[in-house]
Amino acid sequence: FQDTNTAQMRLLLNLLSDEAPNITIVGDRKQSIYAFRHAKMENLDIIQKAIENKFNKKYEPIKLINNYRSTSQVLTTVNYITENQMNLDENLISQKENGTEKDVKFSVIQNCNFADEYKISEAKYIAKEILEAQKSHNLEFKDFAILVNSHSQCDILEEELLKYGILCVK
């Protein structure tokens, strides 16, 4: 449901029975990726409140926090970013066997908007941050991940990273 837009949500509300709720909503705020289609993760809360108001009853969400797909290293990073950038305190817990784990070391580079006139300078900044973190924490390139809002940001970023000798995979 996290990728539902307002029109889709209104349609679902109109399809609700008048006697009792006849809908189950499943969503993950941390996987909302269709904002370009006007999806809003807030619709999870909006529809829940609308249903509670319509039927004058509180429905407690069931939160599934066990993750069987990602390692705890990945989820530590996801939880940090979503808690600090999106104010989501629903931390996911890995149930995947990792073998030996390293400490997760990362930093969040904020306010990289990649406006046209700044794309190259921001890409250079990211490359320099990676090289500095690599030296100071004895890391390998595979220990880094760069999250972007749009795939279109990848080309200039990849080009700059390669100039600094940083191999990357999109």
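Modeller: What follows is a short exchange on how those labels are reached. This is a predicted model, where local features need pLDDT of at least 70, side-chain atom pairs count only at pLDDT 80 or more, and totals for chains, interfaces and linings use all residues. Residues are numbered from 1 along each chain as its sequence is written, and side-chain values use heavy atoms, with hydrogens and water left out.

Biologist: How many aromatic pairs does a search of the whole structure find?

Modeller: The search finds one.

Biologist: Why is the pair of Y34 and F36 called tilted?

Modeller: Rings of Phe, Tyr and Trp (its six-membered ring) pair if their centres lie within 6.5 Å; planes under 30 degrees apart are stacked, over 60 edge-to-face, and the rest tilted. The centres of Y34 and F36 are 5.5 Å apart and the planes stand at 45°, so the pair is tilted.

Biologist: What makes Y34 partly exposed?

Modeller: Buried means under 20% relative accessible area, exposed over 50%, and partly exposed in between (1.4 Å probe, protein chains only). Y34 has 27% relative accessibility, so Y34 counts as partly exposed.

Biologist: Why does F36 count as exposed?

Modeller: F36 has 61% relative accessibility and therefore counts as exposed.

Biologist: What share of the chain counts as buried?

Modeller: Of its 170 residues, 25% do.

Biologist: What share of the contacts with a separation of 6 or more comes from residues 24 or more positions apart?

Modeller: Such residues account for 68% of those contacts in the chain, where contact means heavy atoms within 4.5 Å.
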